[in-house]
Amino acid sequence: MNDIETKLRETVKRLLADHTVRYVIGWEATRFEDKTRPAFISDSADTDRLVWNKYCVSSLAKYALDEQHSEGKIGICVRGCDSRAVCRLIEDKQLLRENLYLIGLPCDDKEMNICDTCTHRNPVIYDELVGEPVLERQADRFAMVGLMEAMSADERYSFWESNYSKCIRCYACRNICPACNCRACYADQERVGWQGKQMNTAQNQIYGLTRTYHVGDRCIECGECERVCPMMIPVMLQTRKMLKDINEMFGDYECGLPDGRAPVLGEYTLGDADDFM
Amino acid sequence: MSVNIKEGWEPKILAFCCNWCTYTGADLAGLNRMKYPENVRVARVPCSSRVNPQFVIRAFQKGCDGVLVCGCHPGDCHYVTGNYFTRRRFMLMKKLLEYNGIDPNRFQARWISGSEAAKFRDTVTRVSEQIKELGPNVKFREGRWS
Amino acid sequence: MMKYSYFPGCSLDATAVTYKRSISFVAEKIGMELNEIPDWNCCGATCAHSRGKWLALALPARNLALAEREGLGLDIAVPCASCYSRMKHTVHAARKDEADRKKIEEIIEMPYLAKSDVLSFLEIFALPEVMKACKEKMERSLASLNVACYYGCLTARPREITGGISTENPMEMDDIIALTGAKPIEWDFKTECCGASHQVDAPEAALPLIERIFRNAKANGATAIVTACPLCNLNLDMREEEINKKSGTAFDIPVYQFTQLLAVCMGATANEAGLHKHFYPAYDRINDTLRRAGA
Amino acid sequence: MEKVLSKDENKALAPKIAEQSGVKLHECYQCGKCTAGCPMAHAMDIMPRQIVRYMQLGMLEEVLECKSIWLCAACGTCYDRCPHRVDLTALIEALRHEAKHHKICAVREVDIFTETFLGNIKVFGKSQEVILAGVYNTLSGNLLQNMNNVPHMLRHEMVKPEIHGVKDKEGVRRLMKAALEEDDK
Amino acid sequence: MARIGVFICHCGTNIAGVVDVDEVVKAAGKFPGVAYATEYKYLCSEPGQQTIKAAIEEHNLDRIVIGSCSPRMHEVTFRKMLMSTKINPYMLEVANIREQCSWVHTDKEKATEKAIDLTRMAVAKVCKSKPLFPDSIGVTKRALVIGGGIAGIQAALDIADAGYAVDIVEKEASIGGHMVMLDKTFPTLDCSACISTPKMVEAGAHPNVTLRAYCEVESVKGYVGNFEVDIRQKAKYVDHDTCTGCGACEVKCPIKVSSAFNQGMCDRTVMYKPFPQAVPSKPVIDALNCRKISGDGKCGVCAAVCPLKAVNFEDKGEIITEKYGAIIVATGYELIKWQDIYPEYGGGRFEDVITGIQFERLVNASGPTEGHIRRPSDGAEPKDIAIIKCVGSRDINKGKAYCSRACCMYSAKHAHQILEKIPDGSVHIFYMDVRTPGKGYEEFYDRTREDGANYIRGRVSKIFKEGNKLICKGEDTLLGKPVSVEADMVILETAMVPATDISKLTGILSIGSDTDGWVQEAHPKLRPVETQTAGIFLAGTCQGPKDIPDTVAQGSAAAVKVCSLFSKVQMETSPIISAVDREKCSGCEMCIPCCPYKAITVIEIDMHEHGKKVKMNVSDVNSGLCQGCGACAGACRSGAIDLKGYTNDQILMEVDALCL
């Protein structure tokens with residue numbers, strides 16, 4: 001029982017008591033010692049279910065989408081990446097800032113490989129901060145991409161082909177991703193002719209490539225897609241490649257920050273890089 | 001990934017051409033009876049910005065050996081800013097395709113204006129030769145090859 | 001840094017004594033170092049390129065290869081327009097086509113990488129650094145001298161080989177002469193050919209070319225003609241008397257090298273500048289001008 | 001008897017020479033700017049423009065036998081001012097090589113001077129003005145040419161008795177032999 | 001299931017010569033959805049269209065695919081034909097098997113295979129077509145003419161006479177352009193001022209014409225029928241409403257600068273009218289050279305002298321925003337800067353080497369020398385004059401590749417004028433060809449030779465000065481001899497090039513320009529006075545060199561195009577525009593920045609979500625503004641916004657059909 005956990009519980013109890021929020025989304029323990037799951041606390045008596053340890057890894061922001069059309073605020077416990085996910089959803093016009101009460105929790109490194117390359121441990125936006133901000137760390141986000149680029153075209157192709165042949169098209173990566181917030185995903189519109197429903201390597205590759213392109217310029221690098229993928233496909237390697245290109249071609253670029261820089265594919269400059277002369 | 005090229009195999013190349021510039025240039029090439037290989041099939045679109053990058057991936061999935069996206073020169077777009085978006089979309093898409101193993105020559109984009117009939121012929125000829133050299137495309141291909 | 005490999009050319013040791021003396025005087029005065037290429041051979045001039053393409057490329061190539069072998073890595077200074085043109089052709093051919101470069105190496109049996117450039121004396125003296133150095137050394141002025149700067153045809157043409165000065169109305173020599181206080185006049189035959197290549201084998205055909213240069217210079221008020229090439233200088237200087245006799249004209253325009261005027265203004269004696277070695281008497285004109293300008 | 005253009009046998013040779021010198025004969029539209037600017041036009045039998053015209057029609061002998069290609073001073077004015085960038089200088093140079101190949105030279109003195117000059121280099125590696133003038137005057141028959149300037153040259157040591165040739169004479173000789181072999185291919 | 005009719009055209013032998021039409025028809029018959037396939041010699045002809053109509057009735061077809069020439073040629077024809085049948089005109093696809101197949105391939109077998117592929121793609125696409133119906137929007141019945149030369153004036157007068165309002169924007173202080181500078185015009189030799197100034201006055205006085213002299217177009221927004229144009233009125237420093245043009249200030253203005261109108265051959269005051277017959281006949285101040293405005297301020301004579309106090313030194317100019325239905329570009333030409341590219345003609349060092357326009361000013365009665373031909377250098381009357389043609393034209397080395405069309409005729413006119421005004425004078429014209437393509441042109445050329453002009457065939461290589469004579473060295477290529485002419489004055493007939501700031505204007509209007517910088521016409525033969533952009537027309541030399549008769553003809557042609565646009569009460573808009581599927585749109589607004597015409601806005605609508613009525617933000621397309629580029633459809637990830645006529649499923653079907 002560390003003190004942040006107790007402070008968190010008191011804060012939530014207070015918020016529920018004075019009806020600031022209708023309920024709070026946090027993490028609670030499960031019967032597995034090393035796993036937690038999202039918890040929706042609406043009754044101040046249940047606040048003891050909330051936990052804060054190095055197993056609180058799942059992203060909570062996207063659950064707020066269910067409350068898109070309801071009145072009243074809801075509270076969300078936000079680490080660095082969750083707060084960027086909230087920014088992402090606000091920028092994509094899916095959530096309104098005034099409907100959210102963000103409880104900031106400086107992240108203490110959850111031993112996930114994505115956390116090694118995390119550049120925003122402290123929440124970028126919050127209404128209330130529980131605990132002291134931690135030191136930010138510089139990280140080379142695109143090191144792995146560099147390694148991949150060094151391989152030959154055929155090597156890269158066989159790497160991705162073997163990976164995507166494992167994909168079972170469960171769409172978990174789409175469902176967890178805060179950038180994937182379309183009402184009608186292209187993958188579900190088989191009659192329009194976008195994407196087949198068959199589970200074969202080619203279609204999986206097409207799905208992987210299209211999803212990468214769709215979220216590439218808005219990805220907040222939270223790594224959830226990789227975490228939830230049952231088949232352990234390195235999905236982040238794809239989106240990070242696109243972010244690397246964007247940084248090289250259109251100036252350094254990080255998504256989900258409150259500065260609200262518009263997505264790169266929605267704007268242009270006259271002097272853009274151009275190999276098509 | 002070596003594939004034995006059956007003799008007499010002809011590459012199938014899809015070219016998205018913008019109606020106001022490249023398609024006019026292609027017609028002008030016809031008007032001047034210029035000659036170029038038969039491999040390119042042109043799909044007319046009002047502006048190069050109409051081409052959704054998904055169409056390109058779709059073409060490779062369904063069996064095209066090469067895809068070409070052509071439009072007006074930046075600054076000359078009939079719809080003023082259309083090709084500025086095309087430029088960004090396909091500069092990123094081209095690098096992503098190469099990153100996934102597609103040979104750089106398989107997907108190309110070119111700015112060809114309405115009066116550059118010769119440039120259209122040369123581009124089509126060069127792309128056809130490059131794709132003929134690369135042989136049929138098996139990457140991302142759904143159906144009989146994969 | 002004013003350091004160059006130096007290719008004097010055959011005429012400097014012979015008829016172009018005035019150019020040779022004034023170059024060494026001026027070079028020593030402004031501290032320009034000219035390292036003569038060891039054991040250089042004749043560049044072949046007009047005869048080589050009218051006999052055969054590879055002969056025309058190979059002869060200058062040997063000199064360029066020798067300069068390269070010295071390893072100084074300097075550009076090559078060439079006073080004569082004809083040698084300059086032939087060497088520029090070789091450098092251009094070698095740089096443009098790798099196969100030609102290899103064939104040239106085969107013929108001259110020496111490695112030649114066409115790394116260093118070839119510069120005419122005009123291009124060198126027009127450099128701001130050299131102009132400044134000359135300006136500082138000016139002691140006397142040739143104020144009242146009206147000078148027609150004659151560039152000749154090969155220093156400027158063909159454009160893509162020399163890549164340098166304007167082919168119709170260059171100003172480089174005009175700027176250099178202006179340093180001496182003399183007035184470079186506006187005239188129209190700056191780059192018209194003087195027919196030097198046919199001076200020996202078709203003299204009567206080449207004579208009118210020289211006459212019209214003198215006539216236009218005189219019509220525009222020139223009291224002296226200045227050249228930057230031993231061949232042009234010899235051709236104009238040696239024929240002036242003959243033209244006056246044959247066509248009854250009364251041209252009285254001495255022909256100098258631009259380095260002679262620089263040398264005179266830098267304090268050279270008549271002998272050091274070679275003013276007595278002209279076919280057409282040239283000493284008095286300089287002497288009177290200096291006196292009038294109160295030297 | 002008029003010239004039957006369609007039957008001329010070396011009609012193919014003219015375009016080959018033009019192509020060798022990088023000239024596209026069809027580009028010339030006979031505007032006459034080259035002749036107008038040519039310094040030696042007054043002494044030529046057929047005008048530079050007409051040289052291109054003869055080549056366009058494939059009439060090669062008339063060009064090889066004319067004096068013009070020998071009187072050209074290779075000053076480059078025609079190429080510099082030509083509205084269609086026809087390199088007449090390179091064309092005339094190629095025609096000289098072709099004529100030399102067929103042993104035709106309408107202006108004897110130019111051939112003698114060229115051979116003497118090249119002979120001079122073959123022997124000394126450098127051009128010796130005295131020997132060059134001497135040999136040329138005897139071979140060309142006009143013995144007293146430029147003799148009036150000799151006293152002046154002697155007085156001002158413009159011409160010196162001692163010979164300053166190249167040390168590696170053998171190298172220059174081999175070079176010239178190899179180059180000429182390449183040219184005569 | 002669709003019932004598609006496929007019609008393959010022979011186009012005489014243009015298609016049938018290379019493509020095996022019967023083979024294509026046989027293959028087309030087997031495509032899914034095709035109910036009837038046939039071929040015909042000339043489908044675009046009247047009988048051709050009849051056979052299609054008959055086949056529609058007979059086989060109860062509901063979609064048409066036509067394999068023929070480029071859709072850019074006859075898609076409109078076939079759509080018009082379908083209007084008289086039960087099929088919606090947009091249920092049609094054209095496969096381009098001529099310009100992009102038979103004309104560009106030689107291998108018959110491969111060309112036929114390609115034609116089959118192209119037809120299969122068209123059939124696949126038409127399967128997904130839906131009937132579309134054009135909308136209509138209002139047209140602002142007001143035209144804008146950019147450029148006040150004779151082309152602009154003619155166009156403006158024709159539009160005004162047709163009863164519509166028209167504005168002329170002219171960047172100089174007066175309309176008139178180059179024509180008003182000329183003395184006489186060929187071939188009839190009537191005086192240029194006598195035929196152009198009445199038109200200028202008429203334009204100045206016409207109730208429907210608004211003159212905006214000393215103005216420039218800053219920006220153009222909108223589209224055909226609804227342009228919104230910002231016009232910068234440059235600061236005139238004179239209030240033209242109160243000013244009566246009495247000219248008192250012009251006389252008293254102390255500072256003189258070189259007159260651009262007289263090509264720098266005389267001076268004008270800083271408070272100036274470009275020329276006496278200027279329209280509007282009121283002066284402006286040339287601010288850069290005015291001592292009061294940009295000098296030390298110690299002047300103001302004009303303000304003091306002006307009886308009506310019309311001078312205002314604080315004038316800052318203004319931006320006027322106007323709505324227009326159509327725009328005519330008539331910005332004219334300029335002469336090439338020969339001094340920079342022809343050093344061999346003196347490069348501008350010789351004062352007596354002048355251009356054609358400078359000679360026009362010399363010989364013009366209202367010119368600097370009141371019509372007496374005088375040399376600019378010493379004012380003496382030149383006896384021997386040389387005229388050199390094609391200076392800058394037909395010269396890929398230093399100038400332009402094209403021929404400037406009018407110089408052959410106006411050089412003959414110059415020769416005639418010289419021989420008329422200087423009886424004992426002589427004229428030598430150096431030419432390569434004399435091109436006399438118009439009515440009465442060849443006779444004019446004959447008369448000029450009759451007057452005594454010497455025509456010498458050959459281009460001049462060099463002009464140089466000896467004494468006070470200009471020596472032109474040429475060759476008479478008919479003689480085969482070098483010749484030279486000693487002239488007192490030389491006139492260079494220089495090439496026409498586009499006006500210097502034309503690239504700025506084509507950028508503002510986003511219309512194309514060709515490799516030489518001339519404004520690009522929609523089709524050189526079939527649509528010479530239209531540009532690629534609907535509603536923007538062109539007239540005169542802005543499109544390429546031409547003489548006055550052609551310029552005036554184009555002026556009237558452009559005017560008729562504008563009038564036909566304005567004659568309709570409403571303007572039909574193309575139905576090929578975007579539309580939003582509100583079920584799919586998540587309101588992410590990614591499409592909005594992509595629209596060049598700002599046609600997409602966000603609206604709040606009521607939707608049912610899980611049984612609850614909710615308010616949702618979705619995108620909405622303004623059918624009037626949308627021009628059908630499809631940039632939004634290319635940006636939408638879920639395919640919620642789509643371009644009718646080129647919908648996602650249509651293109652995807654086309655791609656699939658290609659790869660079968």
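**From one glutamate outwards**

Modeller: C:Glu272 counts as partly exposed, because 16 C-beta neighbours lie inside 10 Å. The model is a predicted one. C:Glu272 sits in helix H14 of chain C, which covers residues 270-273. Leaving aside residues up to four places away in sequence, C:Glu272 touches C:Arg21, C:Phe25 and C:Ala263.

C:Pro158 is placed in the loop between strand S5 (146-149) and helix H9 (159-162) of chain C. E:Pro280 belongs to the loop between strand S15 (271-272) and strand S16 (284-285) of chain E. Most peptide bonds are trans, and most residues other than glycine have a negative phi.

On phi, two residues deserve a note. B:Arg33, a residue other than glycine, has a positive phi near 55°. B:Arg33 lies in the loop between helix H1 (22-31) and strand S2 (40-45) of chain B, and B:Arg33 is classed as exposed because 9 C-beta neighbours are found inside 10 Å. E:Glu370, also not a glycine, has a positive phi near 45°. The loop that holds E:Glu370 runs between helix H12 (356-363) and strand S21 (384-391) of chain E. With 10 other C-beta atoms within 10 Å, E:Glu370 is exposed.

From chain C, the next step is its contact with chain D. Here 49 residues of chain D meet 42 residues of chain C. On the side of chain D that touches chain C, at least two residues come from each of helix H6 (77-81), helix H7 (88-101), helix H8 (108-124), helix H9 (129-140), helix H10 (150-155) and helix H11 (169-183) of chain D. H11(D) gives the most to that side, with nine residues. By residue class, the side of chain D that touches chain C has 25 nonpolar, 11 polar and 13 charged residues.

Chain D also meets chain E, in a contact that takes 17 residues from chain E and 17 residues from chain D. Strand S25 (residues 469-476) of chain E supplies three residues, the largest share of the side of chain E that touches chain D. That side of chain E consists of four nonpolar, six polar and seven charged residues.

Now the interior. In soluble globular proteins, nonpolar side chains tend to be buried together. The largest nonpolar core in this model has 199 residues, and those with the most contacts inside it are A:Ile76, A:Val86, E:Ile64, E:Val123 and E:Cys632. Helix H5 (residues 108-127) of chain E gives the most to this core, with 10 residues. Another core, of 160 residues, lies apart from it and includes C:Leu64, C:Val118, C:Leu262 and D:Ala43. As for E:Cys632, its contacts, not counting residues up to four places away in sequence, are E:Ser578, E:Cys591, E:Cys594, E:Cys595, E:Ile600 and E:Ile641.

Five of the five residues of S3(A) are buried, so the strand is largely enclosed by the rest of the structure. Burial applies to both faces: A:Ile74, A:Ile76 and A:Val78 are on one side, and A:Gly75 and A:Cys77 are on the other. S3(A) pairs in the parallel sense with strand S1 (residues 24-29) of chain A over two bridges, and A:Ile76 is the bridge partner of A:Ile25. S3(A) also runs parallel to strand S4 (residues 100-104) of chain A, joined by five bridges; there A:Val78 stands opposite A:Gly104. Together with helix H2 (residues 80-91) of chain A, S3(A) and S4(A) make a right-handed β-α-β unit.

That leaves chain B, which has four helices and four strands, in the order β-α-β-α-β-α-β-α from the N terminus on. Its radius of gyration, 15 Å, agrees with the value near 15 Å for a compact globule of 146 residues. Along the principal axes, the C-alpha atoms of chain B fill a box of roughly 45 × 35 × 20 Å. Of the 146 residues in chain B, 71% are buried.

How values were computed: Residues numbered from 1 in each chain as written. Chains lettered and ligands numbered in written order. Predicted model: local features only at pLDDT ≥ 70, side-chain atom pairs only at ≥ 80, totals over all residues. Buried ≥ 20, exposed ≤ 12 C-beta atoms within 10 Å, placed from the backbone. Contact = placed C-beta atoms within 7 Å. Nonpolar A, V, L, I, M, F, W, Y, C, P; charged D, E, K, R; others polar. Pairing = 2+ DSSP bridges. Right-handed = clockwise from strand over helix to strand, strands pointing away. Core = buried A, V, L, I, M, F, W, Y, C linked by C-beta atoms within 7 Å. Rg over C-alpha atoms; globule rule 2.2 N^0.38 Å.
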